[in-house]
Amino acid sequence: MTQLVKPHGANELKPLLLEGKEKEEELQKAQRLPRVAMTSRETSDLIMMGIGAFTPLEGFMGYDDWKGVCADFKRADGLFWPIPITLSTSEEVAASLRAGDEVALVDSETDEVMGTLRLSEKYQIDKAYECKEVFKTTDTEHPGVLKVMEQGAWNLAGPVKVLSESYYPREFASIYQRPAEARRIFEQRGWSTVAALQLRNPMHNSHAYLAWIAIEVCDGVYIHQLVGKLKPGDIPAEVRVRAIQALVDNYFRPDRVVQGGYPMEMRYAGPREALLHAVFRQNYGCSHLIVGRDHAGVGDYYGPFDAHRIFNEIPAGSLELQPLRMDWTFYCYECGSMASMKTCPHDSKATIDDEGNYVPGSGARLLLSGTLLRKLMSEGKNIPKEFSKPEVIAILKEYYDQLEEKVDIKLHQAATGEKK
Ligand SMILES: [Zn+2]
């Protein structure tokens, strides 16, 4: 008997991925169907439905569900859902389709047939309204807003059958996980409470601190990494995976940690996205989600703790999963330990010299910006051990070094006209 939380709005997971003969037959049929191209966000949402991470959704949302989710965080039938899961297309494609038609859903980046949809409804939306509700802005500098604004003018709704998980199981073989697989591991370990730690950056000591706190209050921690699409300039998933593994191998008890990866593209919707993260973590079997500072945010669009507050604003009983609200964490030289804004009384900021060493007496809290971190690494300088473990730094440094070599080669070619 499982002790884990139930999936969202259902007693069992509802993966929509077909297998074996059923899948082969549907793939054959799909060859003859009209093709609808999906954006990378839509493809990632389809895979999330395929693996059961978006249980209990059965397809892309219709108008009433879209409206209810935008306005009141719920589908037309009352089910709590925080962000619309919709499929868009052009005016021409929409005009050629009628309710009841079947279409093949194609990943526009790989041209692979990812699934089929039986059309129940086509409709137009007020994109600015969706963005205002979901992202709190219509500024197209916001990457999530830009995606919505650039999508087709019509939405197609209907139940889907999913035929592929794309390259994720292959490229991220060591960590890619379906919810049923994660649940099985948690059950084998006898866990009933599991805290999910959302990660899309390398894991430094401040993240490790969150994970250690979670282990103190739950049976274990699920380090759950995004392997879907990120902003340009973010560290690629395979580098992150290695860096996190190095940290886990050396500084965690192996029986208290499980690592996994999920294929959803970031929307950077801040508080709303924190709620979506909660929904699918519950499907993965997690009873808690660590919600830190500016969870799933980008730029200055959200207050640092908006994502904490939104869990109080949704109706009671919307989710079984509970947030573990955590403040901004760092190392404090005065406290002599990891600490947070909630615990540490020392407001001053520690100074790091040009060699990457702490300047004694300069201040208390060690806060390294990504830019300074990268500068120190690229110059081969020291990274304070209080900020990140040496095993993690070594892997990141290797990544940045080969990046810079590539840039050098490119510059060299441009200067000399050489091809190779
Ligand atoms: Zn302190």
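Colleague: Where does Leu-87 lie?
Modeller: Leu-87 lies in strand S3, residues 87–89. Strands (E, at least two residues) and helices (H or I, at least four) are DSSP runs, numbered from the N terminus. This is a predicted model, so local features need pLDDT of at least 70, side-chain atom pairs count only at pLDDT 80 or more, and totals for chains, interfaces and linings use all residues. Residues are numbered from 1 along each chain as its sequence is written, and side-chain values use heavy atoms, with hydrogens and water left out.

Colleague: Is Leu-87 buried or exposed?
Modeller: Leu-87 is buried, at a relative accessible area of 0%. Buried means under 20% relative accessible area, exposed over 50%, partly exposed in between (1.4 Å probe, protein chains only).

Colleague: What does Leu-87 touch?
Modeller: Skipping residues up to four places away in sequence, Leu-87 touches Val-36, Met-38, Glu-42, Phe-60, Leu-105, Leu-117, Trp-154, Asn-155 and Leu-156. Contact means heavy atoms within 4.5 Å.

Colleague: Glu-42 came up. Which loop residue also has it on its contact list?
Modeller: Gln-151 touches Glu-42, along with Arg-41, Ser-88, Ile-125 and Lys-127, not counting residues up to four places away in sequence. Gln-151 sits in the loop between helix H6 (143–150) and strand S7 (154–162). Gln-151 is buried too, at 5% relative accessible area.

Colleague: Switching to helices. How do H11 and H12 cross?
Modeller: The axes of H11 (residues 271–283) and H12 (residues 306–313) come within 8 Å and cross at roughly 65°. Axes are lines fitted to C-alpha atoms, for helices over the stretch in contact, and angles run from 0 to 180 degrees between N-to-C directions.

Colleague: Left-handed or right-handed?
Modeller: H11 passes H12 in a right-handed crossing. In a right-handed crossing the near helix is turned clockwise from the far one by less than a right angle, and in a left-handed one anticlockwise.

Colleague: Which residues meet there?
Modeller: From H11, Pro-271, Arg-272, Ala-274, Leu-275 and Ala-278. From H12, Asp-306, Ala-307, Ile-310 and Phe-311. By class that contact has 7 nonpolar, no polar and 2 charged residues. Ala, Val, Leu, Ile, Met, Phe, Trp, Tyr, Cys and Pro count as nonpolar, Asp, Glu, Lys and Arg as charged, and the others, Gly among them, as polar.

Colleague: How many residues of H11 are buried?
Modeller: 13 of the 13, so H11 is largely enclosed by the rest of the structure.

Colleague: What span should H11 have?
Modeller: Its 13 residues should span 18 Å at 1.5 Å a residue, and the end C-alpha atoms are 19 Å apart, which agrees. The expected span is 1.5 Å times one less than the number of residues. Just after H11, Gly-285 takes a positive phi of about 100°.

Colleague: Which other residues have a positive phi, glycines aside?
Modeller: Asp-111 is one of them, with phi near 70°. Asp-111 lies in the loop between strands S4 (102–107) and S5 (113–118), and counts as exposed at 52% relative accessibility. Ser-166 has a positive phi of about 60°. Ser-166 lies in the loop between S7 and helix H7 (168–171), and at 13% relative accessibility counts as buried.

Colleague: Where is the cis peptide bond?
Modeller: A cis bond joins Thr-55 and Pro-56, with omega about 10°. Pro-56 is in the loop between helix H2 (40–50) and strand S2 (59–60).

Colleague: How many disulfides does a search of the whole structure find?
Modeller: 0. A disulfide is a pair of cysteine sulfur atoms within 2.5 Å.

Colleague: Last one. How far is Tyr-176 from Gly-260, C-alpha atoms?
Modeller: 5.8 Å, although they are 84 residues apart along the chain. Tyr-176 lies in the loop between H7 and helix H8 (179–188) and counts as buried at 9% relative accessibility.
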